[in-house]
Number of protein chains: 2
Amino acid sequence: MNAAEPRDRRPAILVVGSVALDSVRTPFGEVDEALGGSASYFSISASHFAPVYMIAVVGEDFPAAHRILFESRGIDLSGLETAPGRTFRWRGEYTVELGHAHTLETQLNVFSTFHPRLDETHRAAPYVFLANIDPDLQLEVLRQSRQARLTLSDTMNYWIARKPDRVLDVLREVDIALLNEEEARALAGETQLIRAADRLLEQGARAVIIKKGEHGALYQSRDDRFITPAFPVASLNDPTGAGDSFAGGFLGWLAGTGRSDAGSIRQALVVGSVMASIAIEGFSPTRLVETDRAEIGERMRVLHALVHFDLDPAALAATRP
Amino acid sequence: MNAAEPRDRRPAILVVGSVALDSVRTPFGEVDEALGGSASYFSISASHFAPVYMIAVVGEDFPAAHRILFESRGIDLSGLETAPGRTFRWRGEYTVELGHAHTLETQLNVFSTFHPRLDETHRAAPYVFLANIDPDLQLEVLRQSRQARLTLSDTMNYWIARKPDRVLDVLREVDIALLNEEEARALAGETQLIRAADRLLEQGARAVIIKKGEHGALYQSRDDRFITPAFPVASLNDPTGAGDSFAGGFLGWLAGTGRSDAGSIRQALVVGSVMASIAIEGFSPTRLVETDRAEIGERMRVLHALVHFDLDPAALAATRP
């Protein structure tokens, strides 16, 4: 096969991120060395809507079963490098306040020298997700993806604390930047989220998505502002990967529909919210793997009904103090 | 005038709460001994939609200007007692994290022996709001308002810590209980808000509204669940009174329209969100006084647009991984 010849002509998504073995404990259970990492959650989430190319690195100890899982979801692993050494490992714990993971141990292993290598096919992907890797690496990927139709970045407090200028460079380069509440507040230097979003746009972002955990997500571009609630999950088990699953649903919807108008971006945010809600119902990406269009569509309907109300100007006019 | 004869035959709201003189400092300014208290914010907010009867107590030092303000809004002060002594005073400060007031000083003064006294007209009010007073007093008022069409209660952590069983008694007696995030979590013993709301219903509540500050509000009854975002305010100045202004908009809408179907409750929650957003733009209830139907209607439209998206099952079916 000629590397310059796209392997698949459908609009594809490129993700650059981590593949890890996670050991996670929450009040609801625990797993040991289960599949994790931003690229894993993102890919499996997005794979429900569009083909995905994964750029990441694993060690020689990476279980074959996980590769088989990715491939069963149509995820292209031509960019998944196997490096000498052990796979990235993360061990964390969630207390009953589920908002934050307490990292107990991080072994970067092969991920410490990760350097994304893109071939012609990868560079031609019209949708690109830069997961929370070093912003210098994110910028390097962006320079190779000049033809991309839509680029989305994530980041983390670690990089905001160490390389705030580089994080801002990425924010200015991508079409949409994804941050969580704390990251948005830290980067913008604003406590109120609405003002933080405005400030990030003043700092050069074209559009931002601020993830608010159980409060949903806020989207702010130069032309539109949208809020999606979180889907009310009945049984949260493990918040790990919620943000990357959100990103996968969001970009998956845009790639899968091939649309990028304001209405489709709103739908994509809802799909993101839905995929995050599914991810956190299981440990590792187990629930993301087993979900289907019927469940996703049903959750979109629930979110639609959750926020619906009728405007009634006549009733307003008729109230008389 | 015969006390047994209602002074006004339109559906009226009774509020039992505090009238205070607040000294507040926020990062955006400060006021000294300005009009405050739960009954003040609630009444002025609700007065845009329906007549309000206020049951509260002030001292002999209460400025006449504030009475004139209440009366100019059509608020009935026949239940506003003037007791020997000084008016309730509260002094608080908000740091840049605007979520919580730091109380610097509380002088209960005449409020320390407040005992609500209702006459026949007050008892006939079809809508009742029990602001965050002692739950034993709330229960006393409820026993006198047996004919009320809709009762709404508020509470505060102070009472949840000291009289949790009485707070739960109130919750079981009223039609809808209003709580903020921390209060809902504390009372339900659940961290996730959705589960906290469910738990409160299991504990006997008919319906709850959980106020989430800048994240809006969650409504949960036995038949419906609704989320309204907070209106994105351009210039927050003083968060004091947001919850009571929300309650005033909510109950004001239901009284003013005379409706209580699920759709009207959703609209009422949006009106609550709107009135809270207006209140926090000024110190004291100044902005609440000067707002009008046009501004309220415009903010309802903004909230409607903020959460709107089209369901598109065909697009979902057409995405092909």
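This is a tutorial dialogue on reading some features of a predicted model.

User: What should I know about the numbering and the rules before I start?

Analyst: Residues are numbered from 1 along each chain as its sequence is written, while chains are lettered from A and ligands numbered from 1 in the order in which they are written. This is a predicted model in which local features need pLDDT of at least 70, side-chain atom pairs count only at pLDDT 80 or more, and totals for chains, interfaces and linings use all residues; side-chain values use heavy atoms, with hydrogens and water left out.

User: What is the mean pLDDT of chain A, and where is the pLDDT below 50?

Analyst: The term pLDDT stands for the predictor's confidence in each residue, from 0 to 100. Chain A has a mean of 93, and 96% of its residues reach 70 or more. Residues 1–7 of chain A have a pLDDT below 50. Beyond near neighbours in sequence, that stretch has 13 contacts in the model, a contact being heavy atoms within 4.5 Å. Where pLDDT is low, the predicted coordinates should not be read in detail. For the model, the scores are ipTM 0.90 and pTM 0.93.

User: How many aromatic pairs are there, and how is such a pair described?

Analyst: A pair of aromatic rings is described by the distance of the centres and the angle of the planes. Rings of Phe, Tyr and Trp (its six-membered ring) pair if their centres lie within 6.5 Å; planes under 30 degrees apart are stacked, over 60 edge-to-face, and the rest tilted. The search of the whole structure finds 10 aromatic pairs over all chains. One of them is Phe42(A) with Phe129(A), which is stacked, with 4.5 Å centre to centre and 15° between the planes. This pair links distant parts of the chain, 87 residues apart: Phe42(A) is in helix H1 (residues 38–46) of chain A and Phe129(A) is in strand E9 (residues 127–130) of chain A. Helices (H or I, at least four residues) and strands (E, at least two) are DSSP runs, numbered from the N terminus.

User: Is Phe42(A) buried or exposed?

Analyst: Buried means under 20% relative accessible area, exposed over 50%, and partly exposed in between (1.4 Å probe, protein chains only). Phe42(A) has 0% relative accessibility, so it counts as buried. Phe129(A) is also at 0% and counts as buried.

Another pair is Tyr158(A) with Trp159(A), which is edge-to-face, at 4.8 Å centre to centre and 90° between the planes. Tyr158(A) is partly exposed at 40%, whereas Trp159(A) is buried at 15%. Elsewhere, ring pairs link Phe88(A), Phe111(A) and Phe114(A) into a cluster.

User: Which residue lies over the face of Tyr158(A)?

Analyst: A charge sits over a ring if NZ of Lys or CZ of Arg is within 6 Å of the ring centre and within 35 degrees of the ring normal. Here Arg162(A) lies over the face of Tyr158(A), 3.7 Å from the ring centre. In chain B, the charged end of Arg162(B) sits over the ring of Tyr158(B), 3.7 Å from its centre.

User: Which strands pair with E11(A)?

Analyst: Two strands pair if DSSP finds at least two bridges between them. Strand E10 (residues 150–153) of chain A pairs with E11(A) in the parallel sense over 2 bridges, and Leu152(A) stands opposite Ile176(A) in E11(A). E11(A) is joined by 4 bridges to strand E12 (residues 207–211) of chain A, and these two run parallel. Leu179(A) has Ile210(A) in E12(A) as its bridge partner.

User: Why is E11(A) said to be largely enclosed?

Analyst: Strand E11 (residues 176–180) of chain A has 4 of its 5 residues buried, so it is largely enclosed by the rest of the structure.
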